[in-house]
Amino acid sequence: MSRGRLLVIDDSPTVRKLVELTFPGTGWQIDYAGSGGEALQLAKQAVPDVVLLDFMLPDMRGTDVCELLSKDERTAYVPIVVMSGKGPSIAPMFKEFASFASCIGKPSTSAQIRSAVDAAFESGQGSRRADRARSSFKQREAAAKLVYAVLRDAFGQIPRLMAELGEAAPAPFFAKKLLTPELVGRMLDALSLEPEPVSAAVAPSARALALVDDSSFHGSVTGWPVASLLSCFESSGRTGELTIAFDGKVTIAYLRAGEVIFVTNRDPKEYLRGSLPTVARLGTVPREALRAAEKLQRETGTPLFVTLAAAGFFPLAELTEVLRSRGRRLLLDAVEASAASFSWRDVTALPAHVEAHGRHVSTARNTLVFGADDEAPPASLSLKQMALERLRQEPAATPLASDSVFSRAPGFSSQVRHFDLTGLERRVLALVDGQTAGDELAVRAASPVAEVLPVLARLVDVGLLRAAHASESHSSRSKARPLMILEPDMTGFQAPLTALLQNRAEPVALLDLAGETDVLAAVKRAQPRAVILNAASGGAAETARRLRSAAEVPGLVLVAVLEPQMASQASELIAAGFDKALVKPIPYSEIERLVS
Amino acid sequence: MTTFGRLTVGVATHLVSEATLAEVAEACRRIDAEATFGSLEQLQVSGADILIAALGAGRRLVPDEYLSFVSRCCPEASLLLLCEEALVRPFVSLSEGRVTLVGPNADAETIYHRLRVLLAERAPAYGSGAGQASASWWAAGSRSLAHLPAPADEHGSLTLAFELGFAGELASAVSPAHTLDPKRCLEQVFSNSLDVGTGVLHFAPAEQEWLVCWPNLPGTLWLLSPLRLPPLSDLSGSHGGRGRARLPAASGDIAIALSGPPREDSTRELLRGLAAKASFGGPAVFDAVSASLPSDAWVSVVEVR
């Protein structure tokens with residue numbers, strides 16, 4: 001028997017699995033969202049009975065999610081259980097939200113999660129009944145006022161009509177005189193919903209877009225995907241130009257009767273990204289012609305291929321396909337954005353090149369369905385996976401310098417779950433270390449260089465890896481802010497810490513402050529991200545005060561390490577300026593947290 | 001699925017290299033488990049107490065088919081996942097102990113000791129020294145831990161109480177752990193009325209906290225972890241430690257309680273051995289310490305999973 005619907009908002013696979021194993025057979029129907037944006041969309045599609053919310057999400061904080069949920073009347077009453085590493089101490093941040101139910105630590109046990117969710121569900125049932133009653137009363141009261149406003153004039157005619165009543169039956173007489181089709185029509189109009197606003201953090205409905213009379217308007221989307229925006233325009237049946245700005249990029253989509261038929265941008269370099277074979281063909285184009293085409297694209301958004309084809313430098317027969325391929329790529333990037341601003345303008349006559357080469361590209365949530373000549377991708381494929389699939393079918397995408405080295409891109413762990421990788425792709429991902437070039441990686445992967453380099457290229461293209469020249473990589477690593485330490489225990493502290501820090505994806509150097517007569521000068525020189533001082537070495541509090549008063553080292557994290565018998569001095573050291581006082585034996589995770 | 005006390009281990013061979021399969025086979029042989037190698041589909045037919053499988057390089061998600069195996073096909077089974085992910089070091093226990101991730105390049109020794117932990121959880125009556133386990137901890141004593149309240153209380157916490165004797169007594173004369181009532185000793189710790197000759201080690205999984213009460217007597221209490229700085233700490237009052245302390249617990253922590261300080265000549269060697277054994281977890285440390293102690297001394301080891 002179904003107990004209710006639980007929406008788990010957490011990007012941690014571990015928490016998902018924990019929840020999965022916590023609720024089997026309990027009747028809970030569980031939806032998972034990895035980000036605030038995804039959660040808001042899911043909550044609108046199927047209103048949950050309880051929300052289990054991680055405080056820190058990739059795209060927003062827990063308080064933001066609470067606020068957005070509370071603004072929607074469908075989700076405003078859903079009780080929310082917040083998970084946070086800081087436990088109940090963050091509860092005051094949520095007190096303003098009526099839907100906030102409780103706060104549990106992270107990690108929590110299955111029993112704690114189950115107990116909190118059940119308690120929230122029970123409380124939600126009560127408040128939901130009350131809310132429904134309140135909401136129902138308010139709706140009826142508002143409806144009564146609207147009906148009265150419409151009928152008021154009609155009621156005013158009753159004294160006059162009394163004279164005409166005569167012997168007639170009053171009810172049919174007044175019904176016929178007062179409840180005219182026009183009056184009933186006005187009553188129905190008055191009771192219909194007001195048009196919804198277009199902008200802000202609430203998804204505009206297709207109806208709202210259709211009702212916007214302005215020929216141009218703009219807005220922003222936060223907390224819901226751009227794909228929804230496109231769906232709204234698709235349903236609105238409008239023709240015009242939609243400009244979407246996201247992540248520092250601008251994509252221009254042309255719609256005809258609501259259908260996206262052409263996508264371009266004003267950045268030729270970005271436009272060509274990931275299309276090595278096509279770019280290679282531009283090698284024979286005279287430089288002046290290429291520059292002129294790029295200039296036109298920067299100014300008007302006309303793809304450089306259109307200009308080059310018109311000048312005879314690109315085969316017309318291939319133009320439509322190339323434009324469509326590039327457009328798809330831009331659209332894939334745009335629909336994945338979780339926050340964007342947009343502007344719309346009605347266009348009665350689309351640009352000639354759009355009319356000539358525009359092909360239908362419809363959007364659906366999480367999938368793009370292309371023209372009839374394309375094989376429709378399975379609905380379960382993510383957009384990122386689709387991009388990867390496409391790149392697998394193309395020759396090498398991003399050109400790779402021979403001395404390129406590779407490292408995992410920021411957000412790797414949250415991104416990698418969107419992909420279904422081949423064995424070689426997985427092997428390559430496991431081998432990249434930010435220092436090894438592609439040919440050496442091929443040796444380590446026991447695969448031909450010709451196979452490994454395209455793998456690296458497409459993993460860069462889909463954002464799982466980033467490439468850098470070996471020299472740049474070395475330079476950036478040497479610029480990484482080190483960790484400075486003044487700790488007399490070499491074998492028990494410094495040596496193991498050095499080993500642990502070197503095992504990180506981005507190793508951090510550990511600089512020994514021992515022997516430095518002027519710690520402040522050493523810190524100014526090295527500009528470390530954090531300084532770890534053993535408080536037993538003496539003068540730690542004074543050192544902290546000096547470092548804190550120095551303007552040259554802003555944002556420095558100061559950590560005191562205390563021997564067990566000195567634990568009581570922690571508060572004194574914090575008062576002197578330390579950010580944290582850690583008592584031995586210190587879990588490495590505490591240091592890792594500071595470094596990260 | 002345990003038949004006549006013999007553990008059954010299913011090994012999903014997909015993604016597992018031949019070399020690793022050999023290590024798995026050796027680990028199963030050492031623990032006397034009945035190992036079945038095959039595809040996940042084949043294992044679903046045969047069933048298993050423990051499923052050993054591998055995650056591909058770079059993968060961090062537990063595949064649904066593995067979860068389905070331990071939640072639907074064999075609801076009592078545990079999952080031991082061999083990972084090629086450097087962040088798993090040396091092992092990580094998830095979902096109340098149902099899923100154990102083992103770090104890269106797992107050898108027979110590592111797998112064997114993880115199997116011991118899983119075995120202890122499902123078969124506490126495997127005999128002295130085999131250990132007991134809950135979702136959050138594994139514990140073993142050189143003498144019986146049969147009187148352990150297992151799982152210790154409604155919160156799954158664990159309390160060990162030790163009668164350490166009085167200063168001046170020989171280490172070998174102190175009593176083993178089970179002569180005391182741990183629950184009563186813990187209450188006495190909280191009320192500050194504990195006997196001076198009693199040591200208490202309490203692990204509270206819900207709070208992820210150690211509570212230590214160790215008087216300045218011959219007993220020794222160490223905390224060992226490859227992920228702590230320093231990796232080995234002496235928490236006993238007799239060695240300049242704090243005597244009574246609360247400190248945060250972390251996965252991988254191994255508490256070692258000894259009836260007395262080890263012999264001076266063997267201490268250095270033992271400590272060196274412990275550092276190496278820490279990455280194999282509590283069972284390996286327990287074996288190492290037990291082997292180095294005189295026959296009349298005792299040791300208890302607790303690992304936070």
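The structure is a predicted model, in which local features need pLDDT of at least 70, side-chain atom pairs count only at pLDDT 80 or more, and totals for chains, interfaces and linings use all residues. Residues are numbered from 1 along each chain as its sequence is written, and chains are lettered from A and ligands numbered from 1 in the order in which they are written.

The model scores ipTM 0.83 and pTM 0.50. In chain A, pLDDT is below 50 over residues 193–208, a stretch with 27 contacts in the model beyond near neighbours in sequence. Contact here means that the C-beta atoms of two residues, placed from the backbone, lie within 7 Å. Residues 362–381 of chain A also stay under 50, with 30 contacts beyond four places in sequence. For chain B the mean pLDDT is 79, and 79% of residues reach 70 or more. Its residues 125–129 stay under 50 and have 5 contacts beyond four places in sequence. Residues 166–178 of chain B stay under 50 as well, with 35 such contacts. Where pLDDT is low, the predicted coordinates should not be read in detail.

At the interface, 32 residues of chain A are in contact with 30 residues of chain B. On the chain A side, two or more residues come from each of helix H1 (13–22), helix H18 (423–431), helix H22 (490–502), strand E20 (586–587) and helix H26 (588–595). Helices (H or I, at least four residues) and strands (E, at least two) are DSSP runs, numbered from the N terminus. H1(A) gives the most, with 6 residues. By class, this side of chain A has 16 nonpolar, 9 polar and 7 charged residues. Ala, Val, Leu, Ile, Met, Phe, Trp, Tyr, Cys and Pro count as nonpolar, Asp, Glu, Lys and Arg as charged, and the others, Gly among them, as polar. Strand pairing also links the chains: E20(A) and strand E13 (residues 228–229) of chain B pair in the antiparallel sense over 2 bridges. Two strands pair if DSSP finds at least two bridges between them. A:Pro587 stands opposite B:Arg228 in E13(B).

Within chain A, H18(A) packs on helix H20 (residues 449–461). Their axes come within 10 Å and cross at roughly 75 degrees. Axes are lines fitted to C-alpha atoms, for helices over the stretch in contact, and angles run from 0 to 180 degrees between N-to-C directions. H18(A) and H20(A) are therefore roughly perpendicular. Angles under 35 degrees count as roughly parallel, over 145 as roughly antiparallel, 65 to 115 as roughly perpendicular and the rest as oblique. A:Leu424, A:Glu425, A:Val428 and A:Leu429 of H18(A) meet A:Glu451, A:Val452, A:Val455, A:Leu456 and A:Leu459 of H20(A). These residues divide into 7 nonpolar, no polar and 2 charged.

In chain B, 6 strands form an open sheet of mixed pairing, in the order E2-E1-E3-E4-E6-E5. Strand E2 (34–38) and strand E5 (91–94) are the edge strands, and each pairs on one side only. The twist averages 20 degrees from one strand to the next. Strand E1 (residues 8–12) of chain B runs parallel to E2(B), joined by 5 bridges. B:Val11 has B:Phe37 in E2(B) as its bridge partner. Helix H3 (residues 64–73) of chain B lies across strand E3 (50–54) and strand E4 (78–82), at about 180 degrees to E3(B). H4(B) packs on the sheet too, touching E3, E4, E5 and strand E6 (99–102) of chain B.

Helix H1 (residues 18–30) of chain B packs against helix H4 (residues 108–122) of chain B at about 45 degrees, with axes 8 Å apart. H1(B) is therefore oblique to H4(B). The contact residues divide into 6 nonpolar, no polar and 3 charged.

A further open sheet in chain B has 4 strands in the order E9-E10-E11-E15, with antiparallel pairing. Strand E9 (158–163) and strand E15 (244–248) stand at the edges, each with a single partner strand, so one side of each lacks a neighbour in the sheet. The twist averages 10 degrees from one strand to the next. B:Val212 stands opposite B:Ala245 in E15(B).

Key: pLDDT is the predictor's confidence in each residue, from 0 to 100.
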